[in-house]
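Subject: Structure handover

Hello,

Here is the structure I said I would pass on. Please open it first, then read my notes below.

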Amino acid sequence: MKKIMKIVAVLAAAVCISSCAKKANKENGAESESAAVQTTKTLVDHTGSAVTIPADPQRVVISSLLPLPSVYCLYLGGPYKLVGMHPSSKAAGKNSYLAKFYPEINDIDSSFVKNNVVNIEQLLELKPDLILYNASNTAEKEMFDTAGIPCVGFSTTIAGYNTIETYASWITQLGEIFGDTGRSNEIIEYGRNVEKMVKERTSKLTDEQRPVCLYLYACEENSITTYGGNMFNQYWCETCGGRNASYELNGSNSLNMEQIYNWNPDMIFLTNFTPALPEDLYTNAIGGYDWSSITAIQKKQVYKNPLGMYRWAPPSSDTPLALQWFAKQMQPELFADIDMDKEIISYFKKFYGVELTNDNLKAIYNPSRAASGK
């Protein structure tokens with residue numbers, strides 16, 4: 001009988017241990033399952049709204065803010081987790097050094113945007129867990145909210161079109177989203193130091209010492225377009241020692257040649273949003289327009305913006321370089337000591353970890369027409 005009781009006790013203990021083990025395994029499994037569920041965090045984006053996003057987003061789409069992919073890559077060291085981007089951003093990337101140094105850019109989907117409009121069904125096929133968009137695009141925000149996709153707005157006007165501070169604010173917000181990579185302060189400080197140097201040299205220039213500059217965002221057969229005094233071209237001019245020919249205008253404006261004759265700019269800058277090159281204006285090769293009487297043409301002072309990791313017109317990952325380049329064009333004597341070759345090589349090595357060759361530099365200074373995406 002004692003032996004039987006002992007066996008019963010052993011069996012009971014075994015059942016108890018087994019039951020406890022199952023319970024523990026179940027609890028541990030529940031904890032593991034819970035840990036696998038994406039945790040969230042909340043931040044206030046550039047729209048002023050509190051937004052809840054994944055704590056560690058894995059599938060990111062950048063929709064309507066064209067320069068942001070370059071700043072994203074600068075901050076994270078590459079296009080990690082990026083699964084979708086605007087086709088115009090991709091066109092600039094494929095014809096710049098963004099895709100040369102980060103070839104994964106070529107494989108990122110851009111088909112969800114047609115004629116600057118997001119197709120939400122195609123976007124959802126990318127299974128994004130976070131979208132970064134232009135904060136002024138309220139239609140997109142409403143679309144993303146309705147679809148239940150977390151989204152963070154990045155503003156182009158948060159710093160009054162100061163490109164250095166806009167670039168700094170984008171980097172700061174990327175840090176809030178993805179965590180500090182240890183690079184934010186260094187990147188932001190570099191840009192602010194460049195701005196301080198440039199402003200110190202140009203602050204005492206009189207109007208007469210400042211060339212009249214015209215920025216052309218489109219210069220094509222049926223369209224000549226510039227922006228007014230509330231856009232980034234105003235910042236480049238004020239800071240770098242020029243006067244913006246179109247400062248009295250607001251927003252995007254279509255121009256006719258009569259208006260350009262009246263301004264008679266000393267310098268013309270062609271952005272990489274247009275396929276036009278300086279020789280097109282020198283030879284009147286576009287739309288039958290006659291540029292020959294304009295001072296900038298006569299002095300051969302038409303400049304195509306360089307193209308590094310992105311177009312040098314809006315804020316981008318190359319903004320501190322753009323600031324120095326514009327300053328050298330507008331005030332060559334004040335900035336004669338700035339060697340742009342050395343500045344570009346140093347910046348790319350320091351912040352992108354890449355060594356540029358002389359051929360690389362030549363390509364940056366002479367971007368292709370295809371970079372416009374048109």
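How many nonpolar, polar and charged residues are in the lining of the largest pocket? The lining has 16 nonpolar residues, 16 polar residues and two charged residues. Please keep in mind that this is a predicted model.

The largest pocket first. It holds about 840 Å³ of space. The pocket is lined by 34 residues. Closest to its centre are Ser-64, Leu-66, Asn-116, Tyr-227 and Phe-273.

Next, Met-309. This residue sits in the loop between strand 15 (302-304) and helix 13 (319-330). Is Met-309 buried or exposed? Met-309 is buried, because its relative accessible area is 0%, and buried means under 20%. Leaving out residues up to four places away in sequence, Met-309 touches Ser-70, Ser-96, Tyr-97, Leu-98, Phe-101, Tyr-102, Ser-317, Asp-318, Phe-348 and Tyr-352. Met-309 and Pro-67 are 242 residues apart along the chain. Their C-alpha atoms are separated by 9.3 Å.

Last, Thr-156. Where does Thr-156 lie? Thr-156 is in the loop between strand 8 (151-154) and helix 7 (163-178). Its relative accessible area is 18%, so Thr-156 counts as buried: the cut-off is under 20%. Again leaving out residues up to four places away in sequence, Thr-156 touches Leu-65, Asn-134, Tyr-161, Thr-166, Trp-170 and Phe-232.

Over to you.

Best wishes

Key
Residues numbered from 1 in each chain as written. Predicted model: local features only at pLDDT ≥ 70, side-chain atom pairs only at ≥ 80, totals over all residues. Heavy atoms only, no water. 1 Å grid on protein atoms, 1.4 Å probe; cavity = no way out; pocket = protein on both sides within 12 Å on 5 of 7 lines; lining within 4 Å. Points joined across faces, edges and corners; volume = space filled by probe spheres on them. Nonpolar A, V, L, I, M, F, W, Y, C, P; charged D, E, K, R; others polar. Helix = DSSP H or I, 4+ residues; strand = E, 2+ residues; numbered from the N terminus. Buried < 20%, exposed > 50% of the residue type's maximum accessible area, 1.4 Å probe, protein only. Contact = heavy atoms within 4.5 Å.
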